[in-house]
Amino acid sequence: MSAAPAVDEHLHLIGGPRAAGVAADAGRVGFKAHNLQRMALMGVPVPPAFVLDTALGRRLAPGARRLDAVARECLAEGIRHLEAATGLGFGSGRRPLLVSVRSGAAVSMPGMLDTVLDVGLCDATVPGLLRLTGNARLVWDCYRRLVRSFGETVLGLGAAVFDAALSEVLAECRAARVEALDFRGHRLLAQRYLEAFGRAAGEPFPQAPQAQLEAAAAAVYGSWGASRARSYRSSHGIPDDLGTAVTVQQMVFGNAGATSGAGVGFSRDPATGDRIETWFEVRAK
């Protein structure tokens with residue numbers, strides 16, 4: 001069944017058989033997603049994703065915490081795309097799909113716009129991720145990260161709400177820092193974060209993955225109008241009317257142990273500008 005015309009206009013798929021054969025304009029999907037599309041079209045194995053474009057964000061009232069009907073349908077259709085591409089289910093208790101929700105402006109604004117990771121993790125999907133990964137420390141680490149980032153980024157809860165819980169758990173586990181916690185410590189920390197979230201927000205952490213996703217996307221769109229982002233644009237001569245897109249992508253994990261990591265790849269040396277061999281050149285050797 002094809003999507004509604006309004007959804008087709010604002011939803012851009014990355015990877016999978018339904019993805020477009022050309023990369024969308026960076027002004028609509030942001031340079032992050034534009035380059036993801038280009039890499040996917042070249043055969044680079046990027047995790048599947050979808051983009052809600054900048055035009056959808058400009059439809060929202062400043063400070064809006066909820067998406068309109070078209071944006072919500074775009075999210076639902078995009079999730080169906082990811083489920084088909086990955087064989088996982090968003091909200092599944094057996095094979096859960098987790099996603100990152102990232103900003104994507106047409107110009108670089110490092111650190112100015114918001115991101116929420118591990119969206120889709122909840123009490124019902126934790127057992128499924130445990131079965132999929134066999135890594136209890138990873139799962140509870142992801143859950144506590146999601147609860148904290150959702151509270152701070154989406155609801156605007158202060159860091160002190162979670163810092164107090166973190167200090168308590170570190171003392172109870174006799175650990176110097178969070179990285180030293182084992183899976184039991186991370187499980188305890190996730191539970192304490194859930195309790196702290198409920199006290200500070202006046203409501204429980206949302207256990208419905210779709211509700212998490214919609215709230216995270218609205219927060220990412222809303223971060224374009226945050227004071228820090230406005231100040232950055234003013235000092236760098238960036239127009240206020242560009243807006244940001246929202247990129248939703250299957251999660252990959254840089255916190256799964258010594259064999260995983262996260263980083264940034266460059267085609268040129270950031271310090272000198274000298275050209276660096278591309279992935280294709282290295283692969284061809």
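# Chat about a predicted model

Guide: Let's start in the strands of this predicted model: Val101 has Val248 in strand E5 standing opposite.

Visitor: Nice. How many bridges join E3 to E5, and which way do they run?

Guide: Seven bridges join E3 to strand E5, residues 244–250, and the two run antiparallel.

Visitor: And how many bridges join E3 to E4?

Guide: Three, and E3 and E4 also run antiparallel. Val99 stands opposite Val119 of E4 there.

Visitor: So is E3 enclosed or open, and how many of its residues are buried?

Guide: Six of the seven residues in strand E3, residues 99–105, are buried, so the strand is largely enclosed by the rest of the structure.

Visitor: Switching to backbone angles. What's the phi of Asp118?

Guide: Near 65°, a positive value in a residue other than glycine. Asp118 is placed in strand E4, residues 115–119.

Visitor: Is Asp118 buried or exposed?

Guide: Buried, with a relative accessible area of 4%.

Visitor: What about Arg174, what's its phi?

Guide: Arg174 has a positive phi of about 55°, although it is not a glycine. Arg174 is found in the loop between helix H7 (159–173) and helix H8 (183–201).

Visitor: Buried or exposed, that arginine 174?

Guide: Exposed: the relative accessible area of Arg174 is 82%.

Visitor: New topic: cysteines. How many disulfides does the structure hold?

Guide: Zero disulfides. As for individual cysteines, Cys122 is buried at a relative accessible area of 2%, while Cys173 is partly exposed at 33%.

Visitor: Now the aromatics. How many aromatic pairs are there?

Guide: The count comes to six aromatic pairs. One of them is Tyr143 with Phe205, an edge-to-face pair at 6.3 Å centre to centre with 65° between the planes.

Visitor: Where do those two sit in the chain?

Guide: Tyr143 is in helix H6 (residues 136–154) and Phe205 is in the loop between H8 and helix H9 (209–222). They are 62 residues apart, so the pair links distant parts of the chain. Tyr143 counts as buried at 1% relative accessibility, and Phe205 counts as buried at 4%.

Visitor: How does Phe197 pair with Phe205?

Guide: Edge-to-face again, at 5.4 Å centre to centre and 85° between the planes. Phe197 is buried, as is Phe205.

Visitor: Which residues do the ring pairs link into a cluster?

Guide: Trp140, Tyr143, Phe150, Phe197 and Phe205.

Visitor: Last one: what sits over the ring of Trp224?

Guide: The charged end of Arg233 sits over the ring of Trp224, 4.0 Å from its centre.

Definitions and conventions: Residues numbered from 1 in each chain as written. Predicted model: local features only at pLDDT ≥ 70, side-chain atom pairs only at ≥ 80, totals over all residues. Heavy atoms only, no water. Helix = DSSP H or I, 4+ residues; strand = E, 2+ residues; numbered from the N terminus. Buried < 20%, exposed > 50% of the residue type's maximum accessible area, 1.4 Å probe, protein only. Pairing = 2+ DSSP bridges. Disulfide = S-S within 2.5 Å. Phe/Tyr/Trp six-rings, centres within 6.5 Å; stacked < 30°, edge-to-face > 60°. Lys NZ or Arg CZ within 6 Å of the ring centre and 35° of its normal.
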